[in-house]
Amino acid sequence: MQNLRVAVDVGGTFTDMCIMDEATGLIRIEKTSSTADPIEGIMTGVARAGIDLAEVALFSHGTTVATNALITRRLPRTALVSTKGFRDVIEIRRANKEDLWDAYKDVVRPYIPRRDRLTVPERVDAAGTIIEPLDLDAAREVARILKRRGVEAIAVCFMNAYLNGDNERAMRDILVEAMPNIPVSISSQVLPEIFEHERFSTTVVNAALSPVVVDYTKRLGDRLAEDGYTRDLLLLHTGGGVMTPGSVKDFAARLAGSGIAAGAIASRHIAGLCGFPNAIGLDMGGTSTDVSLAYEGQSRVTKDWYIEFGYPIRFSSIEVMTIGAGGGSLAWTDEAGSLRNGPQSAGAYPGPACYGNGNEQPTNTDANVTLGRLGTSLAGGSVRLDAGLARKAVESGVAKAFDLTVEEAAEAIIKVANANMSDAVRLISISRGYDPRDFALVAFGGAGALHGAAVARELAIPVVIVPTNPGVTSALGCLLVDMQHDFSENCMIEAAAADPEAIEAQFARIEAEALDRLTHEGVRAEDIVFQRSIDMMYRGQWRSLAVTAPSPIRSIDALVEDFHREHDREYNFRRDDTPVSLFRVNLKAIGVVPKADLLVHEPTGESPPPAGRRTVWFDGEPHETPIYDRAVLPAGFAIEGPAVVEQVDSTTVVPPWAKAEVDKYLNIIIRAKG
Amino acid sequence: MAAEQLDPVTFEVLKNSFITAVDQMGEQVLRTCYSFVIYNHDFSSGLHDAKGECAAQGNQDIAVHVGTLHFTCQDVMRHFEGDMHEGDVYAINDPYAGGTHFSDVRLVRPIFADGKVIAYAQSNGHWSDVGGSVPGSFDVSAREMFREGLRITPVRLFSKNELHRDVAGLIAHNTRDPASIIGDMQAQAQATRVCEREILRLVGKYGRDTIETGLSAVQDYVERAVRQRIAAMPDGEWETVDFIDRDPAGGEGMIPIRIKMTIKGDKVIYDFTGSHPVIGSIYNSAFGTTFSGVAAGMKTFFPDVPLNSGFYRAFEIIAPEGSIVDARWPVAVTGFLMPFEKIMNSIYEMWSRLMPERALACAFNLEYLLTGGWDARAADKSIFMFYDWLPGGWGGRNGKDGNNCTTASFGTGMNAQPVEGQERANPILCTEMEIVTDSPGPGKWRGGAGLVKTSRMLESEDVVISYICDRERAVVWGIEGGLPSMPHGLTLTRAGGDRDERLGAIFSDVTIREGDVFTRPTAGGGGFGDPLERDPKRVLEDVVDDYVSVDRAAKDYGVVIRTIDAELCEYEIDEAATAALREEIRASRVAWARVDPEEVAARYRSGEIDAFDVIRRHAVILEWDSGALLPESTRQFREVFERRSVGEWAKA
């Protein structure tokens with residue numbers, strides 16, 4: 001009987017596994033160390049958790065294999081074939097820099113060096129007409145040279161190919177004929193969208209990653225099959241859904257940010273279960289914090305992202321903002337006497353001062369220990385923190401410089417860290433027209449629950465949700481996904497001239513392709529959901545705004561009114577007298593994977609006593625504070641702040657001005673008192 | 001010390017919140033603007049205190065606006081003193097009041113708390129057109145402002161958050177694209193409102209007095225940080241000179257901009273005495289942009305320090321009135337970015353000696369092409385305006401090659417435009433946009449590579465082309481023994497013609513027709529350090545990637561490379577030949593750099609040597625099409641070449 005669902009999230013340090021029994025709704029967690037070949041860590045975890053793979057109905061996986069391959073440049077030798085005169089598009093890029101002022105901080109090198117960028121005579125004009133057919137002799141010459149060089153993947157990117165891919169396809173056929181086993185990505189198929197650098201860059205990433213992820217998913221799939229797994233391995237992609245290994249070959253770039261989406265999905269889902277369709281995810285780890293936002297049950301997505309600055313990947317991605325604030329972030333005083341926090345971090349080693357590995361600069365963790373918010377025994381006693389060293393670091397690093405008591409200094413450190421996180425949340429919410437008061441904050445990651453209540457208060461967010469296993473929430477995210485593919489195509493026309501039937505036909509064609517792909521992945525027709533949107537703008541504007549589109553499309557006027565309203569919400573003004581243009585049509589094709597319900601716990605009425613008490617500092621005052629063991633807290637249990645709740649992978653702080661309750665899923669829900 | 005009036009947490013929180021408020025303005029402008037120039041990141045945003053001093057400028061702002069926002073804010077304050085109201089927004093674009101050029105239009109909003117102005121928000125963006133005699137408002141033949149565009153001295157553009165349609169209409173209808181101009185007014189005004197909302201949130205949380213204290217404390221903080229670093233430098237004087245190619249209204253000879261930098265204690269003084277008077281083109285700088293060139297150049301050596309008036313208080317500028325760095329009304333200044341970049345690169349050079357760990361050689365010069373006319377590709381013709389700017393190479397650095405293909409030092413956030421977008425909007429086909437082999441200025445650490453863009457006119461009518469560039473003569477230079485790159489300049493090939501016509505780096509209103517082809521290279525960056533000391537393996541890698549040719553690997557670096565199999569990228573260094581060639585160059589090169597310029601010009605005309613040889617070996621400046629010697633320009637070029645390159649070889 002196949003009644004297990006397994007989700008694996010492989011991170012830099014740990015491989016987290018979430019195992020759900022569909023029959024009981026119970027979730028188990030397994031954590032193992034990540035290994036050089038991530039598959040070893042995964043199989044170790046499977047064995048250690050005692051999973052019989054024959055009983056697994058669904059195995060989903062978020063992986064950093066593609067991300068790491070890009071960052072480390074451990075990529076197969078990949079060639080780019082482009083239009084004569086356009087050898088350097090991916091090196092010229094948009095020519096901008098990420099750090100505008102530091103002349104020694106460079107944009108990293110392109111994924112394909114200049115030597116492996118070849119060109120052929122051919123040209124399509126801006127109307128999509130072939131004004132110069134592909135020079136077949138030159139194309140065969142390129143194929144011959146690339147074969148001699150032994151390249152392992154090829155990207156074909158021609159100018160204006162988003163309008164007409166004939167020349168690209170002809171080039172691909174010649175390459176495939178010469179090298180039948182080498183994957184070839186062509187830009188008119190990977191991303192048929194205007195703007196050469198963005199399209200070329202996405203296609204290049206796709207080509208270079210294809211051998212990497214095909215090899216990886218095949219090896220993992222084979223290992224799982226050997227041990228009895230009979231279904232498709234499901235791979236989490238950057239857009240927040242999963243796809244099967246069959247699709248990975250053609251759309252490898254979609255896995256480039258596989259690891260970043262899981263936390264956002266989990267926080268959206270958990271908040272939804274708790275009755276909050278609007279959620280901000282605050283995933284605070286050792287070195288950084290990821291912030292994400294879901295509105296009305298949908299994660300915010302962006303097409304404006306990259307793994308490394310300068311090399312865009314224009315597939316829909318769940319929007320995650322990362323800032324350098326984590327438990328290990330260093331507090332320091334700069335030359336002009338300002339108290340700073342991060343982005344430098346003590347890292348995993350030597351880590352915070354209280355780890356006793358030689359770092360003497362205070363970190364957020366040291367400040368939390370000094371204030372008593374964090375205990376000195378973590379991870380079930382396997383990690384001991386030295387409160388004396390923490391105190392010493394806070395004293396010498398901050399207290400002396402500002403003439404503060406040690407507790408005041410520790411609190412100052414935490415307040416600056418909280419303010420930095422609040423600023424990041426503001427950028428992703430208020431500055432996009434969302435009011436934080438309409439949201440719940442989902443605080444997770446190793447350190448999220450230590451800071452969540454204070455960050456929420458700073459932003460007037462009324463509710464904080466701390467999931468049951470904050471340290472492995474991302475793995476839970478992998479468990480809660482649907483099959484999903486994102487399609488987009490340009491549709492550049494004035495709204496006044498747009499024909500609803502033509503747009504309807506364009507959507508219908510894309511939907512047929514989506515249906516085909518999902519069907520091939522084994523999704524039943526009744527489980528398929530299409531979500532349409534159209535990117536629109538005022539004529540003359542340069543950025544577009546996505547507006548949800550109905551099916552079928554009957555009226556352009558209704559779309560235009562929706563656009564005015566959305567523009568007003570996001571930017572605080574609308575121009576009813578200005579013509580509106582359509583730019584792009586988008587389709588999100590979802591194959592709904594039935595979700596097992598999380599186990600619901602009935603209130604027991606029990607009131608377990610605190611496991612202990614210690615002095616915890618809040619707002620300059622010491623408080624005798626109860627310390628609870630989360631493992632024994634039943635549903636319905638109410639906590640009056642101040643209180644601290646400890647568990648293996650995290651610590652939750654309930655400040656004196658707050659109260660908390662354990663809900664039926666065993667999440668801790670924190671609100672302000674009164 | 002004002003920071004002491006605030007507790008450390010409040011201070012740090014406010015400091016970051018002010019910057020966040022300003023960055024939110026920038027983000028909103030980017031998302032809602034109409035001007036494609038703004039969209040490509042030519043904009044800036046500022047938060048000012050009640051005195052108009054700058055408390056925070058955006059992290060992503062373009063360099064060329066740095067240090068000018070407080071001038072325009074204060075000019076607005078002077079005009080509307082005692083007559084400011086909540087919901088007012090004012091516009092100004094006046095370069096004679098500290099602005100940059102007419103295209104950069106600033107909207108300023110006073111922020112009120114309890115009936116009192118406590119701050120100002122300012123949004124500055126480059127509009128696509130502000131009138132004047134040519135599309136895009138860059139007429140290089142202008143000598144006075146009246147041909148350049150509309151001068152907006154402070155006007156009230158919004159009252160009670162409502163646009164004054166009369167004033168807005170007057171401004172917009174003096175431009176070539178009124179609908180977009182009105183759109184940008186609204187986009188910028190709403191952006192200042194975003195900042196107002198954030199500041200009022202902070203007032204609500206911390207109280208008005210705390211915010212006012214914070215606005216001045218963040219300036220004191222930056223001033224303290226900069227002064228401490230300056231105080232750590234040795235006292236002394238440093239001097240340099242850089243050049244504009246020529247005065248179109250004057251004789252042959254480059255136009256010097258001289259700077260003497262004095263460090264005394266915790267203060268820096270930049271003295272421009274000896275700089276040339278204003279010239280007969282638009283390449284003049286009013287005081288505001290001279291100030292900006294100094295601030296932006298210096299900021300490159302203090303990349304982590306936030307930008308605000310505290311930074312600007314740490315230096316002082318002496319600029320002779322009426323000189324090219326202090327042009328007064330009504331002298332034309334729209335091409336101010338040409339002197340601006342000379343100032344920035346001069347500051348790089350002087351600070352490179354003070355901070356060798358951040359040293360960098362000269363970067364390529366910004367170039368700007370303007371074309372306009374009728375697009376006749378479709379049956380119903382329409383007006384088009386094609387403005388384009390290209391990236392190029394940045395200077396070699398201490399221990400690192402320069403950046404390839406990067407936006408000009410005028411603002412590294414500025415984006416290059418996509419060719420596919422340009423081809424949709426304009427009857428122009430791009431046939432080439434690629435790196436130029438051998439463009440990097442040779443050095444132990446070479447400059448970055450420049451590129452070339454070639455465009456062919458499609459069906460069109462009544463099209464004229466103008467070009468704004470420089471360093472066709474004042475060629476991008478190396479430091480510490482590094483060599484120059486190559487000259488800028490546009491070449492036109494008429495349809496059916498067999499002769500190239502070199503139009504150079506500055507011209508306007510040249511008529512072009514369907515089938516005409518124009519080509520614009522951008523220079524690479526200058527080299528850093530003696531090229532004969534470059535690791536031959538690095539030269540080999542550059543040859544494999546075609547950044548450097550086999551021929552110039554030998555001539556510039558003395559590295560002899562044999563081709564084994566180019567198809568497989570296989571090359572090898574001939575070690576013995578390299579050692580011998582390097583010895584030969586070392587023994588001869590000082591004499592090469594001092595050989596009679598007329599003799600060099602003659603060899604160039606005969607085809608025996610090319611422009612790379614003329615510049616890099618002989619430091620001679622020619623009229624590049626005719627090969628005629630430019631004696632005064634050569635004299636000036638050699639003077640600085642002796643100091644930056646020849647003099648450094650002798651040391652080693």
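**Stop 1: a strand pair in chain A.** Now widen the selection to strand β9 (residues 153-157) of chain A, which runs parallel to β10(A) and is joined to it by 3 bridges. Helices (H or I, at least four residues) and strands (E, at least two) are DSSP runs, numbered from the N terminus, and two strands pair if DSSP finds at least two bridges between them.

Before moving on, a word on what you are looking at. This is a predicted model, in which local features need pLDDT of at least 70 and side-chain atom pairs count only at pLDDT 80 or more, while totals for chains, interfaces and linings use all residues. Residues are numbered from 1 along each chain as its sequence is written, and chains are lettered from A and ligands numbered from 1 in the order in which they are written.

**Stop 2: the rest of that sheet.** Which strands make up this open sheet? There are 4, in the order β6-β5-β9-β10 (chain A), with parallel pairing. Pick out β6 (117-120) and β10 (184-186) of chain A: each has a single partner strand, so these are the edges, with one side of each left without a neighbour in the sheet. On average, neighbouring strands here are turned by 20 degrees against each other, direction ignored. For angles in general, axes are lines fitted to C-alpha atoms, for helices over the stretch in contact, and angles run from 0 to 180 degrees between N-to-C directions.

Then show helix α5 (residues 166-178) of chain A, lying across β5, β6, β9 and β10 of chain A and running at about 175 degrees to β10(A). Contact here means that the C-beta atoms of two residues, placed from the backbone, lie within 7 Å.

To put a record on the picture, colour residues 5-177 of chain A, which UniProt annotates as "domain: Hydantoinase/oxoprolinase N-terminal" (unreviewed entry). UniProt positions are given in the numbering used here, feature names are shortened, and annotations may be inferred rather than shown by experiment. This span is 28% helix and 28% strand, and its end C-alpha atoms lie 42 Å apart.

**Stop 3: two helices of chain A.** Select helix α2 (residues 65-72) and helix α7 (residues 196-226) of chain A, whose axes come within 10 Å and cross at roughly 130 degrees. That makes α2(A) oblique to α7(A); angles under 35 degrees count as roughly parallel, over 145 as roughly antiparallel, 65 to 115 as roughly perpendicular and the rest as oblique. Show side chains for V65(A), A66(A), A69(A) and L70(A) of α2(A), and for V205(A), L209(A), V212(A), V213(A) and Y216(A) of α7(A), which make the contact. By class, this contact has 9 nonpolar, no polar and no charged residues. Ala, Val, Leu, Ile, Met, Phe, Trp, Tyr, Cys and Pro count as nonpolar, Asp, Glu, Lys and Arg as charged, and the others, Gly among them, as polar.

Zoom in on helix α12 (residues 406-428) of chain A, which packs with α1(B) at an angle of about 15 degrees, their axes 9 Å apart. The two helices are therefore roughly parallel to each other. Residues making the contact include K415(A), D423(A) and R426(A) of α12(A), and E12(B), N16(B) and T20(B) of α1(B). The residues of this contact divide into 7 nonpolar, 4 polar and 4 charged.

**Stop 4: a sheet in chain B.** Follow α1(B) to β1 (43-49), β2 and β5 (116-126) of chain B: α1(B) lies across these strands, at about 145 degrees to β1(B). Select the open sheet of 7 strands, ordered β2-β1-β5-β4-β3-β6-β7 (chain B), with antiparallel pairing. Its edge strands are β2 (54-57) and β7 (162-163) of chain B. Finish at F158(B), whose bridge partner in β7(B) is L163(B).
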